[in-house]
Amino acid sequence: VLYYFKNEFYLNSFEKAGVQVVFIPRKSFFDLTFLQKVIMNIRTSKYDVIISFLDTPNFYMEIFKGSGLLNIPLIVSQRRSFGKKLLMLDYFKTLCHLAANYFVVNSNSHLYWRLGLGISSTPSTGNTPEKVPALINGK
């Protein structure tokens, strides 16, 4: 597990399960030293896949993936829908999901919302350059 927010909520559980935890502190959203350390950790640790569930880590990983700095599969999840009023920043974050290999949705309604934006496809239709296959959480 790689993380940047100093929160030890799950640390004991990870240690008991034998999961390696790497903490890389971040000073600001655009901390270039932090971003460089994250990329170096990913490259030297040789992870099989990156799974990201929060907006900021999603954004970092999608930018890395889209720019060619990340060459392993990326699974992202957006834990909320934006409703009818989609702010430009929210729309930009959503478009960044196109860099991912898979996208986790919380429900069928979340999937249909993403399909309406033209960003997701279902796994049965496959991955096309403009769409990312959706995985329904819990199935």
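1. L69 sits in the loop between helix 3 and strand 4. Helices here are DSSP runs of H or I with at least four residues, strands are E runs of at least two, and both are numbered from the N terminus. L69 counts as partly exposed, at 37% relative accessibility. The cut-offs are under 20% relative accessible area for buried, over 50% for exposed and partly exposed in between, with a 1.4 Å probe and protein chains only. Setting aside neighbours within four places in sequence, L69 is in contact with I39, R43 and F64. Contact means heavy atoms within 4.5 Å. L69 and R43 lie 26 residues apart in sequence, yet 9.1 Å apart in space, C-alpha to C-alpha.

2. A word on the basis. This is a predicted model, in which local features need pLDDT of at least 70 and side-chain atom pairs count only at pLDDT 80 or more, while totals for chains, interfaces and linings use all residues. Residues are numbered from 1 along each chain as its sequence is written, and side-chain values use heavy atoms, with hydrogens and water left out.

3. The overall layout comes next. The protein chain has five helices and seven strands. From the N terminus on, the elements run β-α-β-α-β-α-β-α-β-α-β-β. Of the 139 residues in the protein chain, 34% are buried. Among contacts with a separation of 6 or more, 53% join residues 24 or more positions apart.

4. Look at helix 2 (residues 32–45) and helix 3 (residues 55–66). Their axes come within 12 Å and cross at roughly 65 degrees. That makes helix 2 roughly perpendicular to helix 3. Axes are lines fitted to C-alpha atoms, for helices over the stretch in contact, and angles run from 0 to 180 degrees between N-to-C directions. Angles under 35 degrees count as roughly parallel, over 145 as roughly antiparallel, 65 to 115 as roughly perpendicular and the rest as oblique.

5. Which residues of helix 2 and helix 3 make the contact? Helix 2 uses F34, L35, V38, I39 and I42, and helix 3 uses Y60, M61 and F64. The residues of this contact divide into eight nonpolar, no polar and no charged. Nonpolar covers Ala, Val, Leu, Ile, Met, Phe, Trp, Tyr, Cys and Pro; charged covers Asp, Glu, Lys and Arg; the others, Gly among them, are polar.

6. The largest nonpolar core has 20 residues. Such a core is a set of buried Ala, Val, Leu, Ile, Met, Phe, Trp, Tyr and Cys residues joined through side-chain atoms within 4.5 Å. V38, I42, I50, Y60, M61, F64 and L70 have the most contacts inside it. Helix 2, helix 3, strand 4 (74–77) and strand 5 (102–105) each supply at least two residues of this core. Helix 2 gives the most, with five residues.

7. K46 deserves a look at its backbone. Its phi is positive, about 55 degrees, although K46 is not a glycine. K46 lies in the loop between helix 2 and strand 3 (50–52). Is K46 buried or exposed? K46 is exposed, with a relative accessible area of 67%.

8. T94, in helix 4 (residues 88–96), is buried at 0% relative accessibility. V104, in strand 5, is buried with a relative accessible area of 9%. V104 and F53 are 51 residues apart along the chain, and their C-alpha atoms are separated by 8.6 Å.
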